[in-house]
Amino acid sequence: MKPKQKILESSFALFREKGFQATGIAEILEKAGAYKKTLYDHFPSKDDIGFEYLNYLSEQQRVVMLKVLAKASDMSDFIEKWVNFIVRNQRNTSRKDCPIALFSGEISHLSQFDSYRNKAVHHVLETVETCILNFAPNLRSDQVRALSYELYMSYLGGLRLYALTKDRKVIERMKSQMIVSAERIIKN
């Protein structure tokens, strides 16, 4: 593996495990088995690794949603499979919640991340729109946009509440709310 890739993978693992603020350059270097010069040859600062992390997280969301989309028979099935995948994935991490929301909350006071955070969120919303259009190609663009926001807000809120309560019923309510939103807009 190339040094840049080792640094990114090590950084991403540490950010997921400990958070951006709690991860130091020395830890990244140790985990990657890299030297400081190598890191700074590729990334002028830790923030630049954070920018890459946001891009990575939004692209991972896209990959997951498109894989789920390929297996879904309709919008409700897509939502069911998407949420189930997310919940299974949550079991493998100590930091429960949407990874983009976790990271964004942690860096919300750092203005240098604003455009990267917005780009990541818009990338996810565009992917949700792609999934909606797969099952409802005749929806008007404003309806697609409205539904993508509703689904993403339900997802973010549901995961946050699940992270706080560890109550599995929250996930079922989130799924139900997302399906009802989709049916309401698609049927109109």
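Does I186 count as buried, exposed or partly exposed? At 30% relative accessibility, I186 counts as partly exposed, because that value falls between the 20% limit for buried and the 50% limit for exposed. I shall return to this residue towards the end. Please keep in mind throughout that the model under discussion is predicted.

Let me begin with the overall architecture. The secondary structure amounts to 9 helices and 0 strands. Along the principal axes, the C-alpha atoms occupy a box of roughly 60 × 35 × 30 Å. The protein has 188 residues, of which 43% are buried. Of the contacts with a separation of 6 or more, 68% are between residues 24 or more positions apart.

The chain is divided into two parts: domain 1 covers 1–44 and domain 2 covers 45–187. Their C-alpha centres are 26 Å apart. To the contact between them, domain 1 contributes 19 residues and domain 2 contributes 18 residues.

I turn now to this interface. Together the two domains bury about 1500 Å² between them, and carbon and sulfur atoms account for 67% of that area. On the domain 1 side, F12, R16 and F20 lose the most area to domain 2, and together they represent 41% of what that side buries. What is the count of salt bridges between domain 1 and domain 2? It is 0. Polar contacts, by comparison, are present: 6 residue pairs, both members at pLDDT 80 or more, are in polar contact across the two domains. The helices α1, α2 and α3 each supply at least two residues of the domain 1 side that touches domain 2. Of the elements on that side, α1 gives the most, with 8 residues.

E106 sits in helix α6, residues 99–107. Its relative accessibility is 17%, so E106 counts as buried, the limit being under 20%. Which backbone atoms does the side chain of E106 approach? A polar atom of that side chain lies 2.6 Å from the backbone nitrogen of F20. The side chain of E106 also reaches the backbone nitrogen of Q21, again at 2.6 Å. F20, as mentioned, is among the three residues of domain 1 that lose the most area to domain 2.

Next, helix α2, which spans residues 25–32 and has I25, I28, L29 and A32 as buried residues. Why do these residues line one face of the helix? Viewed down the axis of α2, the buried residues fall within an arc of 95 degrees, and therefore they line one face. The face of α2 turned away from the buried side carries A26 and E30, both exposed. As for packing partners, the buried residues of α2 pack against α1 (3–18), α3 (36–42) and α4 (46–71). Just after the helix, G33 adopts a positive phi of about 65 degrees.

Leaving out residues up to four places away in sequence, S11 touches I28 and I49. S11 and R173 are 162 residues apart along the chain, and their C-alpha atoms are separated by 34 Å.

K166 is found in the loop between α8 (141–165) and α9 (168–187). K166 has a positive phi of about 60 degrees although it is not a glycine. Most residues other than glycine have a negative phi. With 53% relative accessibility, K166 counts as exposed, since the limit for that class is over 50%.

Finally, I return to I186, which belongs to helix α9. Which residues is I186 in contact with, leaving aside its neighbours within four places in sequence? They are M75, A136, L139 and L147. I186 and Y56 are 130 residues apart in sequence, and 31 Å apart in space from C-alpha to C-alpha.

To close, I would recall two points. The interface between domain 1 and domain 2 has 0 salt bridges and 6 residue pairs in polar contact, both at pLDDT 80 or more. Helix α2 has its buried residues on one face and the exposed residues A26 and E30 on the face turned away.

Definitions and conventions. Residues are numbered from 1 along each chain as its sequence is written. This is a predicted model: local features need pLDDT of at least 70, side-chain atom pairs count only at pLDDT 80 or more; totals for chains, interfaces and linings use all residues. Side-chain values use heavy atoms; hydrogens and water are left out. Buried means under 20% relative accessible area, exposed over 50%, partly exposed in between (1.4 Å probe, protein chains only). Helices (H or I, at least four residues) and strands (E, at least two) are DSSP runs, numbered from the N terminus. The arc is that of the directions from the helix axis to the C-beta atoms. Contact means heavy atoms within 4.5 Å. Domain bounds come from an automatic or database domain assignment. Buried area is the accessible area (1.4 Å probe) that two parts lose on being put together, summed over both. A salt bridge is a side-chain nitrogen of Lys or Arg within 4 Å of a carboxyl oxygen of Asp or Glu. A polar contact is a pair of N or O atoms within 3.5 Å; within protein, one must be able to donate a hydrogen and the other to accept it, and residues adjacent in sequence count only if both atoms are side-chain atoms.
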